[in-house]
Amino acid sequence: MMLLKIISSRNRIMLLVMVACVLCGTPAWAVPGPVSGGKYNIPLSGEPSSLDPAYITDIYAVNVANNLFDGLVEYDKDLNIVPAIADIWKIARDHKSYTFLLRKDIRFHNGRIVTADDFVFSFRRILDPATGSPVASFFMNIEGAKAFSEGSSDTVSGLIARDPHTLIIRLEEPYAPFLSILAMANAKVVPKEAMGVDFSKKPIGTGPFRFESWEPGKSIILSANGSYFGGRPHLDSLYFQIYPNNELERIFDDFERGYLEESIIPSDKYEMIHTNPNYTQRYNMVSKPSLNLVYIGINVKIPPLDNVKVRQAISCAVDTDTIVKEITKRGNIRAKGILPPGIAGFNPDFKGYTYNLDMAKRLLEEAGHPMGKGIPPLEIWTASKSESVQLELAAYQKYLGAVGIMVTPRVADDWKHFVSLIDAKKVPLFYAAWYGDYPDPDNFLYVLFHSKSRTNRMGYANPIIDQTLEEARREMDYMKRVEIYREAQRLIMSEAPVITQHVNSFNYLFQPWVKGVEISYLGGAYIPFRKVWIDFKTTQ
C-alpha cells in the first residue's frame with residue numbers, strides 16, 4: 001500500500017479564518033531574552049476531576065494535564081497539527097492506516113524510555129471496558145476496538161508496535177478528525193508500571209513539568225522537567241491555585257494583589273478595564289475569540305421536558321440577546337447555534353431561536369400546558385458562584401416565569417458534585433460551558449448530541465442525528481462535511497435539547513513580567529507554559 005508522507009497537516013484542521021487577536025497596550029512578552037527561574041501562579045476556577053488522561057473531561061484537568069503529558073502530535077498556536085513524540089507520520093491513501101515514527105529520546109518522568117508499546121497500552125487502556133473511560137468513543141474507530149470493548153477479542157488489532165519506535169494505527173473506516181483527536185489531552189501516553197489507584201492524583205507523564213503535589217480545594221504544584229526532550233522549561237514551577245465554584249471576582253482580586261500571573265476579566269469589570277489606562281498600560285491584555293459554547297442543557301428524559309414543544313417554548317421565552325449584552329458582556333457573542341464562529345460548519349445565516357413571548361405561550365398551549373399549567377417547578381443547576389452566572393440564572397427565572405414556568409437556581413457544592421448530577425441526568429436544567437478539545441465540528445455535535453456519547457448530558461437521542469454524525473466522521477471531502485454538519489445542527493436545534501446562550505471570548509489580563517505567552521483559539525488551557533518566562537527586571 002502506497003503511503004503519503006505528511007508532516008504538518010494544515011489541510012486536516014477543520015478551521016475557518018478567524019479574526020486576529022487584539023492586544024491592548026504593548027505586547028510586553030514579545031521581547032527577546034528568556035531567562036530561567038520563577039514560579040507561575042495560575043488560577044483554576046474549579047477542581048479537576050482527574051489528571052489521568054483516560055478520564056479527563058473538564059477544562060480544569062486539561063489545563064494541568066497539557067503540561068504533564070505528551071502525545072503523538074500537538075497543536076501549534078495556529079491550530080496546525082505538529083510533531084510531539086511522533087517525529088513524522090504517514091497516512092495511507094485510503095485514510096485508514098497511520099504510521100508514526102517516534103522520537104528515540106523521550107523519557108517518562110520515572111526515567112524510562114517511551115516506546116510504541118506504551119502508546120498501544122495507553123489507547124488499549126482507554127478502550128478497555130474495565131477502565132470505564134468516558135472518552136472511549138473517540139477511539140472506537142480503531143480496527144478491532146469494538147470487538148475488544150465488547151469482550152470478544154483480547155487485543156485491539158489496529159494498534160501495532162512494529163518496533164520500539166514505530167507505531168501503526170489502523171482504522172475500520174476513514175475518520176476525518178482522527179489526527180486532531182490524537183492531539184487531545186486524552187490521547188497522551190502513560191506508563192503501564194505506574195498504573196494504580198493513585199495515578200489520577202499522582203500522575204507520571206513525559207511533559208515539560210512533573211507532578212509534585214495536589215491539595216484538594218487549594219493547589220496543584222508542578223515542577224520543571226530538566227530532562228524534557230524539548231528542553232527544560234524556563235519556569236521552575238507551575239502553581240495552580242484552585243478556586244472552587246468559579247469564583248471569578250476573588251481570582252481577579254488576587255491578581256490585582258500580585259498573587260496570580262493571570263486572570264480572566266470579570267463581566268462587571270470588562271468595560272472599565274478596557275477604558276481605564278491604569279489597566280491597559282499596567283497589564284498585558286488579551287482579547288481573542290475561542291472555540292466554546294455556553295448553554296443551558298435541557299434534560300429530555302424528565303417530563304414534561306420530553307415534549308419537544310415545551311423545550312421549544314422555553315427556548316422562545318428567553319431573551320438571550322439581552323442576557324449576553326447586559327449581563328455576560330466581556331465581548332462575548334450570542335450563540336444562535338451550537339457551532340461557534342471559526343469552526344467548519346458554522347453558518348452565519350443560521351437564526352436559531354429568537355425571543356418571542358407569544359410563540360412561547362402558543363407552543364405551551366399546544367403542548368397541553370397553557371401558561372405553564374401542569375409544569376412543576378424546575379431547578380436549574382450550576383457549579384458557578386460568580387456574580388455574572390447568578391444574574392444570568394435570575395434572568396432565566398424571570399423570563400420563564402413570564403410564561404408560567406417556575407425556575408429555581410441551584411448551586412452545586414463543587415465541580416465534582418455538579419458533574420455527578422448532570423452525568424446521572426438527575427436535574428431538569430443545567431448551566432454549562434463546552435470548550436473545544438480539538439478544532440473540528442465533531443467535537444461539538446458528536447460529543448454533545450450523539451446518543452452514545454458520555455458527554456451527552458441532556459439524554460438526547462435521535463437515530464437520524466446519530467447516523468448523520470457518523471457519516472460526517474467518514475466523509476473526507478471538506479465541503480461535504482460542512483454541509484452535513486450544518487444540516488445536523490439545524491435538526492438538533494429544531495428539537496431544542498439546549499438553549500445556546502453565548503460564545504465566550506478569551507479576555508485575560510497578564511502581569512507585566514509575564515513573557516512568551518502563546519494563545520490559540522482553544523483558549524488558556526492550551527497555553528504552552530514550557531515557553532513562558534518571567535522578566536525579573538519588571539517584577540522589581
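Me: Which residues of α13 are buried?

Reply: In α13 they are Asp-442, Asn-443, Phe-444, Leu-445, Tyr-446, Val-447, Leu-448 and Phe-449. Buried means under 20% relative accessible area, exposed means over 50%, and partly exposed lies in between (1.4 Å probe, protein chains only).

A word on the model: it is predicted, with local features needing pLDDT of at least 70 and side-chain atom pairs counting only at pLDDT 80 or more, while totals for chains, interfaces and linings use all residues. Residues are numbered from 1 along each chain as its sequence is written, and side-chain values use heavy atoms, leaving out hydrogens and water.

Me: Why is helix α13 described as largely enclosed?

Reply: Eight of its eight residues, 442–449, are buried, so the rest of the structure largely encloses this helix. The elements covering its buried residues include β15 (292–298), β19 (429–435), α14 (463–474), α15 (478–494) and β20 (498–503). Contact here means heavy atoms within 4.5 Å.

Me: How do α13 and α14 meet, and what is the hand of their crossing?

Reply: Their axes come within 10 Å and cross at roughly 145°. Axes are lines fitted to C-alpha atoms, for helices over the stretch in contact, with angles from 0 to 180 degrees between N-to-C directions. The crossing is left-handed, meaning that the near helix is turned anticlockwise from the far one by less than a right angle; clockwise would be right-handed. At the meeting place, Asp-442, Leu-445, Tyr-446 and Phe-449 of α13 face Asp-466, Leu-469, Glu-470 and Arg-473 of α14. An α-helix has 3.6 residues a turn, so residues three or four places apart point the same way.

Me: What makes Val-482 count as buried?

Reply: Val-482 has 6% relative accessibility, and that value falls under the cut-off, so it counts as buried. You can find Val-482 in helix α15. Setting aside neighbours within four places in sequence, Val-482 is in contact with Ala-344 and Gly-345.

Me: Why do β16 and β18 count as edge strands?

Reply: The open sheet has six strands in the order β16-β20-β15-β19-β17-β18, with mixed pairing. At its edges stand β16 (333–334) and β18 (407–411), each with a single partner strand, so one side of each has no neighbour in the sheet. Helix α11 (387–401) lies across β15, β17 (378–382), β18, β19 and β20, and runs at about 160° to β18.

Me: How do you know that β16 and β20 pair?

Reply: Two strands pair if DSSP finds at least two bridges between them. The strands β16 and β20 have two bridges, in the antiparallel sense, and therefore they meet the definition. Ile-333 stands opposite Val-503 of β20.

Me: How many bridges join β10 and β11?

Reply: There are six, joining β10 (209–215) to β11 (219–224), and the strands run antiparallel. Phe-211 has Leu-222 of β11 as its bridge partner. Three residues lie between the strands of this hairpin, where Gly-217 takes a positive phi near 80°.

Me: Why is the link between Arg-112 and Asp-118 called a salt bridge?

Reply: The term asks for a side-chain nitrogen of Lys or Arg within 4 Å of a carboxyl oxygen of Asp or Glu. The closest N and O atoms of Arg-112 and Asp-118 are 2.8 Å apart, so the pair qualifies. Arg-112 is partly exposed at 29%, whereas Asp-118 is buried at 5%. Together with Glu-193, they are linked in a network of salt bridges. The whole structure has 22 salt bridges.

Me: What makes Arg-170 and Glu-143 a pair that links distant parts of the chain?

Reply: Arg-170 forms a salt bridge with Glu-143, with closest N and O atoms 2.9 Å apart. Arg-170 sits in strand β9 (166–170) and Glu-143 in the loop between α2 (116–127) and α3 (145–150), 27 residues apart. Arg-170 is partly exposed at 31%, and Glu-143 is partly exposed at 21%.

Key:
Helices (H or I, at least four residues) and strands (E, at least two) are DSSP runs, numbered from the N terminus.
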